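Here are my notes on this model, point by point. Please read them with the structure open.

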Amino acid sequence: GRNQHVVPNPNGGWNVKGAGAKRATVHTDTKRSAVNIARNISRNQHSELIIHGKNGQIKVEIATGMTIPA
């Protein structure tokens with residue numbers, strides 16, 4: 001599956017996007033919600049979860065099968 005990215009939305013909130021996708025899969029108001037959704041998608045697709053900071057830089061990469069802190 002595609003790696004899942006949690007990225008800031010320029011208009012506010014956070015997006016969950018599959019790697020290479022032009023459009024967000026999901027838009028949420030909070031980063032926590034976006035991470036929870038992306039975590040479930042990445043587990044189902046056996047892909048990695050990549051969490052970006054507010055500036056867009058990658059903050060955390062999590063491989064499938066690892067325990068992800070809440």
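1. Contact here means heavy atoms within 4.5 Å. On that basis, and leaving aside residues up to four places away in sequence, valine 35 touches Val6, Leu49 and Ile51. Bear in mind throughout that the model is predicted.

2. Next, the sheet. It is open, has five strands and runs in the order β3-β2-β1-β4-β5. The pairing is mixed. As background, strands of a sheet pair through backbone hydrogen bonds, in either the parallel or the antiparallel sense.

3. Which strands stand at the edges of the sheet? They are β3 (26-28) and β5 (58-62). Each has a single partner strand, so one side of each lacks a neighbour in the sheet. On average, neighbouring strands of this sheet are turned by 20° against each other, direction ignored.

4. Strand β1 (residues 4-8) pairs with β2 in the antiparallel sense, over five bridges.

5. The largest nonpolar core has ten residues in all: Val6, Trp14, Val16, Ala34, Val35, Ala38, Ile41, Leu49, Ile51 and Ile62. Two or more residues come from each of β2, α1 (31-45) and β4 (49-52). The most come from α1, with four residues. Valine 35 belongs to this core, and its contacts Val6, Leu49 and Ile51 are also listed among the core residues. In soluble globular proteins, nonpolar side chains tend to be buried together.

6. Is tryptophan 14 buried or exposed? Tryptophan 14 is buried, because its relative accessible area is 8% and the cut-off for buried is under 20%. This residue lies in strand β2 (residues 14-18) and is part of the core described above. Tryptophan 14 and arginine 32 are 18 residues apart in sequence, yet their C-alpha atoms are 9.0 Å apart in space.

7. Asparagine 40 also deserves a look. This residue lies in helix α1. Asparagine 40 is partly exposed, because its relative accessible area is 44%, and that class runs between 20% and 50%. Asparagine 40 and glutamine 4 are 36 residues apart in sequence and 9.8 Å apart in space, C-alpha to C-alpha.

Methods:
Residues numbered from 1 in each chain as written. Predicted model: local features only at pLDDT ≥ 70, side-chain atom pairs only at ≥ 80, totals over all residues. Heavy atoms only, no water. Buried < 20%, exposed > 50% of the residue type's maximum accessible area, 1.4 Å probe, protein only. Core = buried A, V, L, I, M, F, W, Y, C linked by side-chain atoms within 4.5 Å. Pairing = 2+ DSSP bridges. Axes fitted to C-alpha atoms, helices over the stretch in contact; angles between N-to-C directions.
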